[in-house]
Amino acid sequence: MTTPLPGRPVRGSTTGRPIMALLDLLGRRWTLRILWELRDGAKPTFRELQQRCDGVSSSVLATRLRELGEADLADHAGDGYALTEQGKSLFETLVRLDAWAADWRPRQSS
C-alpha cells in the first residue's frame, strides 16, 4: 500500500484531492495516536514511541512512521521522532477539531 499523498488516487477518491489523501492517511490504524504522542516535542525513540502507543506492533509503527515521513508530517530527528513544521500545523488543526468534537451533540433519535 502506498502512502496517501495529494495527487495520488486514495481510498474514496480517484483524483487524489488533498483532503481525501489526508483523511485516508489519518484514518489508518495508529496514525492519529502516533501524531498525538509526538505532540510535546520530546522526540521519543522508536521503542519509547511503541510503549507510548500501548504496544503497537513494530511493523505497524514502522509503516506509519514511514508514511508520516513521506507525507512530511513526522521525521526521525537525531535521537528520536518528532513532528515536522507541517506536522505541528496539522496537530494544531486537530486540536481545534477535538474541541469541536467535545461540544458535538448529535440529534437524538425519536
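Modeller: Gladly; what follows is a conversation about a predicted model.

Biologist: Let's begin with the aromatic rings. How many aromatic pairs does a search of the whole structure find?

Modeller: The search finds two. One of them joins tryptophan 36 and phenylalanine 91.

Biologist: What makes the pair of tryptophan 36 and phenylalanine 91 tilted?

Modeller: The ring centres are 5.6 Å apart, and centres within 6.5 Å count as a pair. Stacked needs under 30 degrees and edge-to-face needs over 60, so the remaining label is tilted.

Biologist: And why can this pair be said to tie together separate parts?

Modeller: Because tryptophan 36 belongs to helix H2 and phenylalanine 91 to helix H5, the pair links parts 55 residues apart in sequence.

Biologist: Are tryptophan 36 and phenylalanine 91 buried or exposed, and how do you know?

Modeller: They get separate labels. Phenylalanine 91 has 15% relative accessibility, so it counts as buried, the cut-off being under 20%. Tryptophan 36 has 42%, so it counts as partly exposed, since that label runs between 20% and 50%.

Biologist: Now the salt bridges. How many does the structure hold?

Modeller: It holds nine. Among them is the one between arginine 11 and aspartate 24.

Biologist: What makes arginine 11 and aspartate 24 a salt bridge?

Modeller: Their closest N and O atoms are 2.7 Å apart, and the cut-off is within 4 Å. Arginine 11 sits in the segment before H1 and aspartate 24 in helix H1, so this bridge ties together parts 13 residues apart in sequence. Arginine 11, at 53% relative accessibility, counts as exposed, whereas aspartate 24, at 5%, counts as buried.

Biologist: Which other buried residues does helix H1 have, and which helices do they pack against?

Modeller: Besides Asp24, the buried residues of H1 are Ala21, Leu25 and Leu26. The buried residues of H1 pack against H2, H4 and H5.

Biologist: How do you know that glutamate 67 and arginine 64 are separated by about one helical turn?

Modeller: They are three residues apart in helix H4, which means about one helical turn between them.

Biologist: What about arginine 66 and glutamate 70?

Modeller: They also form a salt bridge, with the closest N and O atoms 3.1 Å apart. Being four residues apart in helix H4, they too are separated by about one helical turn. Arginine 66, at 37% relative accessibility, and glutamate 70, at 41%, each count as partly exposed. Elsewhere, salt bridges with shared partners join Arg11, Asp24, Arg28, Arg64 and Glu67 into one network.

Biologist: Which residues touch the most other members of the largest nonpolar core?

Modeller: Of its 21 residues, these are Ile34, Leu35, Leu38, Leu49 and Leu68. H1, H2, H4, strand E2 and H5 each give two or more residues, and the largest share, four residues, comes from H4.

Biologist: What is isoleucine 34 in contact with, leaving aside neighbours within four places in sequence?

Modeller: Its contacts are Leu49, Cys53, Leu61, Arg64, Leu65 and Leu68. Arginine 64, on the same terms, touches Arg28, Arg29, Thr31 and Ile34.

Conventions
Residues numbered from 1 in each chain as written. Predicted model: local features only at pLDDT ≥ 70, side-chain atom pairs only at ≥ 80, totals over all residues. Heavy atoms only, no water. Buried < 20%, exposed > 50% of the residue type's maximum accessible area, 1.4 Å probe, protein only. Contact = heavy atoms within 4.5 Å. Phe/Tyr/Trp six-rings, centres within 6.5 Å; stacked < 30°, edge-to-face > 60°. Core = buried A, V, L, I, M, F, W, Y, C linked by side-chain atoms within 4.5 Å. Salt bridge = Lys/Arg side-chain N within 4 Å of Asp/Glu carboxyl O.
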